[in-house]
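Please read these numbered points with the model open beside you.

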Amino acid sequence: MIELYAMVSPNVQKIYLMLEECDLDYRAHQVNIWKGEQFASDFRALNPNSKVPVIVDHTPFGGGTQTIFESGAILIYLSEKTSRFLPSSGSTRYEVLQWLMIQLTGIGPMFGQFNHFRRFASDNAYGVSRYTTQAATLYRLIDDRLSQHNFLGGDDYSIADIATFPWLRNQASRFNEAQSFMRAGNPDYPHLWRWFDGIAARAAVQRALQVIDSHPSTLPTSTPDEMDRVFGRGRYAASPDAWGMNVTSTSSL
Ligand SMILES: N[C@@H](CCC(=O)N[C@@H](CS)C(=O)NCC(=O)O)C(=O)O
């Protein structure tokens, strides 16, 4: 059995998708990051970086328990545990890993910053502009890649797709009206939306999305101070007076 420490974000959604795709037995524990549960000592013992997702596998190869944090490391671990969605050798393995890394180092951080500035600091024109451009560049990259291959890693569905799908779904549902290039079905990205619809139709993905969508975001229950703590701003900023960033904003989209 695998325990998943979770919340609603795309980085966690990848792991639900993978667990369902691999038909693994799991139990999810919701970590309320707005209430600071990620900073509790028992959670930090699992991930000293105080972030979800984390898994604890009670039946790893070799016995004992195996704890893993970082969504990319978790996906690779689960692939190797089940021999699924990541070739064990050869150039296709590295194709998949390359596109997994594009998600981990590009799509996640850039879309994450886009979301942050658009939702919580929309008066910061530079941040909004920079991350809108970064996100648009990534949409073009994904569509171009998928114009040549059925899936991001090549011919077969892989952890690169599993990692990327929740981010595109998140953007389309949150910014459908406000940011045209993120709109679901946008004809400027025909290959991206062909790929997206195919993944959305998978039985395991539908099962995962049902579980994911049954957990509402706890953000609306957070106080301005709790938001400042997660965002590292206000009295939590390393340098509160620098850059005029001593800002508390509760605006949400
Ligand atoms: N690189 C990490 C990112 C994880 C991450 O940013 N988790 C967020 C939720 S999406 C979190 O736990 N935030 C709590 C905090 O920053 O205090 C991964 O891919 O697992």
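1. Start with a crossing. Helix 3 passes helix 6 in a right-handed crossing. The model is predicted, so keep that in mind throughout. The two axes lie 10 Å apart, and the packing angle of helix 3 and helix 6 is about 140°. Helix 3 and helix 6 are therefore oblique to each other. The cut-off for roughly antiparallel is over 145 degrees.

2. Which residues make this contact between helix 3 and helix 6? Helix 3 supplies Leu75, Ile76 and Ser79. Helix 6 answers with Ile159, Ile162 and Ala163. By type, the contact of helix 3 with helix 6 has five nonpolar residues, one polar and no charged.

3. Now take helix 3 with helix 4. Their axes come within 10 Å and cross at roughly 155°. That angle makes helix 3 roughly antiparallel to helix 4. The crossing of helix 3 past helix 4 is right-handed.

4. Look at the side of helix 3 first. Ser71, Gly72, Leu75, Ile76 and Glu80 in helix 3 touch Arg93, Leu97, Leu100 and Leu104 in helix 4. The residues of this contact of helix 3 with helix 4 split into five nonpolar, two polar and two charged.

5. From helix 4 it includes Val96, Trp99, Leu100, Ile107 and Phe111. From helix 6 it includes Ile159, Ala163, Trp167, Leu168 and Phe175. The contact of helix 4 with helix 6 counts 12 nonpolar residues, seven polar and three charged.

6. Turn to the charges. How many salt bridges does a search of the whole structure find? The count is 12. One of them pairs lysine 35 with glutamate 226, with the closest N and O atoms 2.9 Å apart. Lysine 35 sits in the loop between strand 2 (26-30) and helix 2 (41-46), and glutamate 226 in helix 9 (residues 224-231), so the pair ties together parts 191 residues apart in sequence. Lysine 35 is partly exposed, at 36% relative accessible area. Glutamate 226 is buried, at 14%.

7. Helix 3 returns here. Lysine 81 and aspartate 57 form a salt bridge through their side chains, 2.8 Å from N to O. Lysine 81 belongs to helix 3 (residues 71-82) and aspartate 57 to strand 3 (residues 54-57), so the bridge ties together parts 24 residues apart in sequence. Buried or exposed? Lysine 81 is buried, with a relative accessible area of 17%. Aspartate 57 is buried too, at 0%.

8. A further bridge joins arginine 233 and aspartate 228, at 2.6 Å from N to O. Arginine 233 is buried, at 8% relative accessible area. Aspartate 228 also counts as buried, at 6%. Elsewhere, salt bridges with shared partners join Arg140, Asp143 and Asp144 into one network.

How values were computed. Residues numbered from 1 in each chain as written. Predicted model: local features only at pLDDT ≥ 70, side-chain atom pairs only at ≥ 80, totals over all residues. Heavy atoms only, no water. Salt bridge = Lys/Arg side-chain N within 4 Å of Asp/Glu carboxyl O. Helix = DSSP H or I, 4+ residues; strand = E, 2+ residues; numbered from the N terminus. Buried < 20%, exposed > 50% of the residue type's maximum accessible area, 1.4 Å probe, protein only. Contact = heavy atoms within 4.5 Å. Nonpolar A, V, L, I, M, F, W, Y, C, P; charged D, E, K, R; others polar. Axes fitted to C-alpha atoms, helices over the stretch in contact; angles between N-to-C directions. Parallel < 35°, antiparallel > 145°, perpendicular 65-115°, else oblique. Left-handed = near helix turned anticlockwise from the far one by under 90°.
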